[in-house]
Amino acid sequence: MAYRKTPAEIRRLEAAREHLVVCATEVVADVGWAQASVTAVADAAGIAAGSVYQHFSSKSALAVEVFRRAAQREVDVLGEVLEGEGDPADRLRRGVEVFARRALENHGLAYALLAAPAEPAVGAERLAFRRRYRALFASVVEEGVAGDQLPRQDAAITAAALTGAIGEVLVYPLSTSAAEDADLLVAGLTSVALRCAGAAP
């Protein structure tokens, strides 16, 4: 008869896996993808490097899990704002502001999600999540156009432009230790986003 894990063993393994992902996320936020070695993650988690492979088949698989979880949190937060109450232009403004402030408050992880050099598997996930951001922006723009609150436009193109512009504006301040006026940066970014969609800043 094949050995079957007990419920207690399954819970223990799930908790250990969760702890490993949390520690790996912290390491990536501190040193980036390239320096987040299996050994570094294992040290942060307080386990032997070989134990990492009990939960993930490779460093790449662990990196993908870290990216997916962290990126999904940002997509969920943005979605809550863009799909919430208020007129479309106001939701767009608030969504961009919330996204930017969250990024600036956790710049190491935000840079890792947006632009830091990473292995191909993480790069593929990054592209997939950009499509999710575009879908969220396209939806709120379409709603604004349908309600005559935004001018007629191709919502998909506007959404792609918003996604690219927001990332590009944030990349430099996230990648450098130079002092930035966060309020000024966020105000400028939200103004650009509103103009991109044809709304008054």
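First, a term: a contact means heavy atoms within 4.5 Å. Among contacts in this protein between residues at least 6 apart in sequence, 66% join residues at least 24 apart.

Now the ground rules. This is a predicted model, where local features need pLDDT of at least 70 and side-chain atom pairs count only at pLDDT 80 or more, while totals for chains, interfaces and linings use all residues. Residues are numbered from 1 along each chain as its sequence is written, and side-chain values use heavy atoms, with hydrogens and water left out.

The overall picture. The protein has nine helices and zero strands. Helices here are DSSP runs of H or I, at least four residues; strands are runs of E, at least two; both are numbered from the N terminus. The C-alpha atoms fill a box of roughly 65 × 45 × 25 Å, taken along the principal axes. Of the 201 residues, 39% are buried. Buried means under 20% relative accessible area, exposed means over 50%, and partly exposed is in between, with a 1.4 Å probe and protein chains only.

There is one record to mention. In an unreviewed entry, UniProt lists residues 14–74 as "domain: HTH tetR-type". UniProt positions are in the numbering used here, feature names are shortened, and annotations may be inferred rather than shown by experiment. In the model, that stretch is 82% helix and 0% strand, and its end C-alpha atoms are 23 Å apart.

Next, α7. Which residues of α7 are buried? Among them are Val 122, Phe 129, Tyr 133, Phe 137 and Val 141, along with Glu 125 and Arg 126. A reminder about helices: there are 3.6 residues a turn, so residues three or four places apart point the same way. The cover over the buried residues of α7 includes α1, α4, α5, α6 and α8. After α7 comes Asp 148, with a positive phi near 60°.

On to α9, residues 182–197. This helix has 16 residues and reaches 23 Å, close to the expected 22 Å. Its buried residues include Leu 185, Leu 189, Ala 193 and Ala 197. Their cover includes α5 and α8.

On a 1 Å grid over the protein atoms alone, a cavity is a set of points where a 1.4 Å probe fits but cannot get out; a pocket is an open set with protein on both sides within 12 Å along at least five of seven lines; lining residues have an atom within 4 Å of a point. Grid points are joined across faces, edges and corners, and a volume is the space filled by probe spheres set on the points.

The largest pocket has a volume of about 470 Å³. Its lining has 26 residues, and Phe 99, Ala 110, Leu 113, Leu 114 and Tyr 133 lie nearest its centre. Tyr 133 is also one of the buried residues of α7. Helices α4, α5, α6, α7 and α8 each supply at least two lining residues.

How many cavities of 30 Å³ or more does the search find? One. About 70 Å³ of space lies in the largest cavity. Its lining includes Trp 33, Lys 59 and Leu 62. The helix that gives the most is α4, with four residues.

Note on methods:
Expected span 1.5 Å × (residues − 1).
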